[in-house]
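Hi there,

Here is the structure I promised to pass on to you. Have a look at it first, and then read on for what turned up in it.

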Amino acid sequence: MDFIKRRSKIIDAYIIGKYLGTFIYTLAIFVVVIIIFDLSEKLDDFLGNDMTAWEIVSQYYAGSIPFYVNMLSPLMNFIAVIFFTAKMADQTEIVPILSGGVSFNRFLRPYFISAFIIFAINLAANLYMLPYTNKIKNAFENQVIKKNDPYTKSNIHMKIDENTYIYIDNFDNRSNIGYRFSLDRFKGDVLEKKLVAEQISYDSLKRVWKLTNYSIRSIKDLKENMVYANTKTKDTVLDMKPDDFSVYDNVVESMTGKELADKIDKEKIRGSGVMNDLLFEQYKRYIQPLSAFVLTLIGVALSSRKVRGGVGLPLGIGIVLSFLFIVLNQFAKMFSTKGGLPPLLANLLPVLLFGLLGLYLLRRAPK
C-alpha cells in the first residue's frame, strides 16, 4: 500500500511537471509568433511616430503581452494536455499506470492540480493585473494605432442621478473637452436649475469639470434667478468621467474591479445601453478561468487512449475543438452585447457545453 502511494506521488509529480512545462513552453512559442506578426503589422505606425525600441516595449508590449497570454491561455492549456497525454499513451505509459492499481479518477488528480494552478493564476491576473496592463495597451493603441479613427462623440444625453440630466453636443476624447453643455436638475417634475456652458473640460488633477462661458438659471416657486458669466470659468463636481463618453470600445476591459462595479451601479440609473457590456466583462473575469478545468477534462479523455497515427490525430481534434471553444465564446459575447442574451448565461454557455462534452468523453475513456 505504501509502495502504491509512493508510486502515485511520483506519477503525480511527473504529470504535473509535464503539464505545466508543456503549457509554458507552448504558450511562450505562440506568444513570440503573435508578437512577430503584430510587430510586422504595426511597424509602420511605430516608425511613423518616431518611437524607440524602449518606448515600443514599455508603452505597448508591456500591456499587450499579458493580454496575449490571457487570450491564448485556454487554447494552449488544451493543446498542452492533449500533446503530452497523447505522447504518454503512444509510448504506452498510461496502460501500466492504470493496470497497476491506479484508478482513472486517481489518474486525473495531477491534471486537476495543474489545472487549479493555471485557474488561480488566470483568476488573479483577470482581477488584479490585466485591468492595469490593458490600460497601458489601450492608451497606446488609441493614441498611436487608432489616431486617425474618429475620436469625438456627438449628441450625448445622460442621466447622472435621479434628478439630473446632462447634454453635450460634441465631446473630444483626446482633449477631454465637450462643447455646448447643458444640465437640467429637477425637483419632482419641476425644473429647479438649468446650467448652460459653451465649453466643459475635465481637470484630471483636481478631478473636477471646468465650465467656460456659462449661465445658470435657478427657479424657486415663481421666482427665477439668472447668472451670466460669459468671460469666467467655474469648477464643478459632477458624477461623470470622460470615459463615460468614450468612442473607443476597449474602455471596459481596462477598468479595475471597483471601477467596473461603480460603473454598473451608475448604469442602473443612467440606462445608456452599455449594461450588458459591463456585466459581460465582470462575469468573464471570474468564469473564463474555469475553462482550465473543462479543457483539461476533455484533453485527458480525448488523448489517453492509444490510437493509430500517434499524437497527430488527437492533437488535430484538440486544435479543432479549441478553436470551436474560442468561436463559441465570441458568438456568446456578440449575442450578449448585441442580441440581449443574459451576460451570465453567455459566459457560462461555452463552459457548460464543453463540460458536458468532457463528461461524455470521460465515460468513453479507457479505464
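**What was found**

Helix H1 (2-48) and helix H4 each give at least two residues to the lining of the largest cavity. Please keep in mind that this is a predicted model.

Let me stay with that cavity for a moment. Rolling a probe the size of a water molecule over the atoms shows where empty space is left. The structure has two cavities of 30 Å³ or more, and the largest cavity has a volume of about 50 Å³. Which residues line the largest cavity? They are Ser8, Ile11, Asp12, Ile15, Ile97, Val102, Arg106, Phe107 and Pro110. H1 supplies the largest share of this lining, with four residues. Sorted by class, the lining has six nonpolar residues, one polar residue and two charged residues.

Next, the ring pairs. There are 18 aromatic pairs in the structure. In one of them, the ring centres of Phe119 and Phe293 are 5.4 Å apart and the planes meet at 45 degrees, so this pair counts as tilted. Phe119 is in helix H4 (residues 104-145) and Phe293 is in helix H7 (residues 291-303), so to speak two distant parts of the chain, 174 residues apart, linked by the pair. Phe293, with a relative accessible area of 24%, is partly exposed.

Another pair is made by Tyr165 and Phe186, which is edge-to-face, with 6.0 Å from centre to centre and 85 degrees between the planes. This pair also links distant parts of the chain: Tyr165 lies in strand S2 (residues 164-172) and Phe186 in strand S3 (residues 177-187), 21 residues apart. Tyr165 is partly exposed at a relative accessible area of 38%, and Phe186 is partly exposed at 27%.

Now for the charges. Side chains of opposite charge can pair when their charged atoms come close. The count here comes to 13 salt bridges.

What does the side chain of Lys137 meet in a salt bridge? The partner is Glu253, at 3.6 Å from N to O. Lys137 belongs to helix H4, while Glu253 sits in the loop between strand S6 (223-236) and helix H5 (257-270), and the pair links these distant parts of the chain, 116 residues apart. The charged end of Lys137 also sits over the ring of Phe67, 4.3 Å from the ring centre. With a relative accessibility of 5%, Lys137 counts as buried.

The side chains of Asp239 and Lys266 meet in a salt bridge too, at 2.9 Å from N to O. Asp239 is in the loop between S6 and H5, and Lys266 is in helix H5, so that distant parts of the chain, 27 residues apart, are linked by the pair. Both count as partly exposed, Asp239 at 37% relative accessibility and Lys266 at 25%.

Elsewhere, Lys159 forms a salt bridge with Glu162, and their closest N and O atoms are 3.8 Å apart. Glu162 is exposed, with a relative accessible area of 53%. Finally, a network of salt bridges links Glu281, Lys284 and Arg285.

Happy exploring!

Terms used: Residues numbered from 1 in each chain as written. Predicted model: local features only at pLDDT ≥ 70, side-chain atom pairs only at ≥ 80, totals over all residues. Heavy atoms only, no water. Phe/Tyr/Trp six-rings, centres within 6.5 Å; stacked < 30°, edge-to-face > 60°. Buried < 20%, exposed > 50% of the residue type's maximum accessible area, 1.4 Å probe, protein only. Lys NZ or Arg CZ within 6 Å of the ring centre and 35° of its normal. 1 Å grid on protein atoms, 1.4 Å probe; cavity = no way out; pocket = protein on both sides within 12 Å on 5 of 7 lines; lining within 4 Å. Points joined across faces, edges and corners; volume = space filled by probe spheres on them. Nonpolar A, V, L, I, M, F, W, Y, C, P; charged D, E, K, R; others polar. Salt bridge = Lys/Arg side-chain N within 4 Å of Asp/Glu carboxyl O.
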